[in-house]
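Hello,

Here is the structure we talked about, with my notes below it. Have a look at it first, then read on.

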Amino acid sequence: MSDQNRLGVFKTYKLYVGGKFPRSESGRVYEVTDSKGQWLANAPQSSRKDARDAVVAARKAFGGWSGATAYNRGQVLYRVAEMLEGRKEQFVREVAASEGLSKSKAAAVVDAAIDRWVWYAGWTDKIGQIAGGANPVAGPFFNLSTPEPTGVVAVLAPQKSSFLGLVSVIAPVIATGNTAVVIASANAPLPALSLGEVLATSDVPGGVVNILSGATAELAAPLAAHQDVNAIDLTGADADLAKELEIAAADNLKRVLRPQRVYADGASESSDSADWSASPGTHRLTAFLETKTVWHPTGALGAAGSSY
C-alpha cells in the first residue's frame, strides 16, 4: 500500500498511575489542540477517583523509593535521561505542537529537559551534605541532623511550559525520595502523558510518579484535602486557586510550595513567566525534605567500652 493511501495510526494517550496506563475512571476525554486551534489528540479527563487512586499508588511506592540509597535514585534518574535521549524526536514534535514553537526551539527545550534530569540525578547523593550535618552542642553528645523525604507530594505542573517546566517540578521531588502525583498542564498535557511511557520503560518503580491530565482545579481540590498527601506544589495554580488549595492543605498541615517566586527586593514572578531554562538551584530539592535530629552520647558504650 502506498503512503498516499495509508491511514495514520493515531496515538491513544492514557494516564500513568501505579506503573500502569489506565483510561480515566470517568471514561471522559477532552480535545487537545495546538497553538493554532488544530486538533492534536484526545486526552483522558481524570476524575477525583483517579486522583485518589494515584495517591494510593504513590503511598504504596513511598517505602521502597525513600528506602533506596541516594546513589541508586541517582542512577534511576540518569536512566530516565537516557530513555528520553532515545525518544527525542517524538518529544520535539509534541513540544513544538503543544507550545507553538519552531522545531529548533522545541529541540532546545527537550535537550534542556534531558539535561535537567541529569542535573538532579547528580544531586541525589549530595543534597544530604548541604541540608544536614553535625551541630555544635555543649555537653558530651553528638547532635546530627539529616534530611528525610516528606512523603507523597501533589504537583501542579506549569501550564505554559509543558515539558521543561514539567521535568523541573517532578525531578527534584523524586530525587529526594518522595513520590509524586502530578497534574499535567490542562491545555498541553501530551508531553507529560508521553513522559509516563518513558518512566514506565526506565527503572522508576511503579507508583513513584503518577501523571493525571484534565482540569487542574477539579483534580487539585481533592488532592489538597487528602489526608494521605503530605505536601503540595502549587506551581501550576493561579492566585485564586492557590489560595483555595492552601486553605484546604492546612487541614493536615501539608507542606506548601507557593506558585510565585519572591525576590529580596520584593519583586515576584508567576511560575508561568519563570525562566525554566535558568539554573534551578537547590530550592526545589529542599522544599519537600524534613529534618531529623538525633542526639547520641559520646562516652563509653556497653560492656565492650566502645566509644565514638
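Let me start with a loop: Leu253 sits in the one between α9 and β9. The phi of Leu253 is near 55°, which is positive although the residue is not a glycine. For background, most residues other than glycine have a negative phi. Leu253 is also exposed, with 75% relative accessibility. By the cut-offs used, buried is under 20% relative accessible area, exposed is over 50%, and partly exposed is in between (1.4 Å probe, protein chains only).

Before you read further, please keep in mind that this is a predicted model, where local features need pLDDT of at least 70, side-chain atom pairs count only at pLDDT 80 or more, and totals for chains, interfaces and linings use all residues. Residues are numbered from 1 along each chain as its sequence is written, and side-chain values use heavy atoms, with hydrogens and water left out.

Now the helices. Helix α4 covers residues 103-123, and its 21 residues should span 30 Å at 1.5 Å a residue; the end C-alpha atoms are 31 Å apart, which agrees. The expected span is 1.5 Å times one less than the number of residues. Which residues of α4 are buried? They are Ala106, Val109, Val110, Ala113, Ile114, Arg116, Trp117, Tyr120 and Ala121. Seen down the helix axis, the buried residues of α4 fall within an arc of 145°, so they line one face. That arc is taken from the directions from the helix axis to the C-beta atoms. On the face turned away from the buried side, α4 carries the exposed residues Ser104, Lys105 and Asp115.

Helix α6 (residues 164-175) is mostly covered, with 12 of its 12 residues buried. Among them are Leu164, Val169, Pro172 and Ala175. From first C-alpha to last, α6 reaches 16 Å, close to the 16 Å expected. Just after α6, Gly177 has a positive phi of about 100°.

Val92, in helix α3 (residues 88-99), is buried at 8% relative accessibility. Val92 and Val169 are 77 residues apart in sequence and 19 Å apart in space. Ala70 belongs to helix α2 (residues 70-86) and is partly exposed, at 22%. Between the C-alpha atoms of Ala70 and Ser168, which are 98 residues apart along the chain, there are 19 Å.

Next, the charged pairs. How many salt bridges does the structure hold? There are 13, counting a side-chain nitrogen of Lys or Arg within 4 Å of a carboxyl oxygen of Asp or Glu. One of them joins Arg28 to Glu218, with the closest N and O atoms 3.1 Å apart. This pair links distant parts of the chain, 190 residues apart: Arg28 is in the segment before β1 (29-33), and Glu218 is in helix α8 (residues 216-225). Both ends are partly exposed, Arg28 at 34% and Glu218 at 27%.

A further salt bridge brings Glu246 and Arg258 together at 3.0 Å, N to O. Glu246 lies in helix α9 (residues 239-249) and Arg258 in the loop between β9 (255-257) and β10 (260-262), so the pair ties together parts 12 residues apart in sequence. Glu246 is partly exposed, at 25%. Asp125 and Lys126 also form a salt bridge, with their closest N and O atoms 3.2 Å apart. There is a network as well, which links Lys11, Arg87, Glu94 and Glu197 through salt bridges.

Lys11 turns up again in the last item, the second largest pocket. Its volume is about 230 Å³. Of the 15 residues lining this pocket, Lys11, Thr12, Tyr13, Val29 and Asn42 are the closest to its centre. A pocket here is an open set of points on a 1 Å grid over the protein atoms alone, where a 1.4 Å probe fits, with protein on both sides within 12 Å along at least five of seven lines; lining residues have an atom within 4 Å of a point. The volume is the space filled by probe spheres set on the points, which are joined across faces, edges and corners. Strand β2 (residues 39-44) gives the most to the lining, with five residues.

Best wishes

Technical notes. Helix = DSSP H or I, 4+ residues; strand = E, 2+ residues; numbered from the N terminus.
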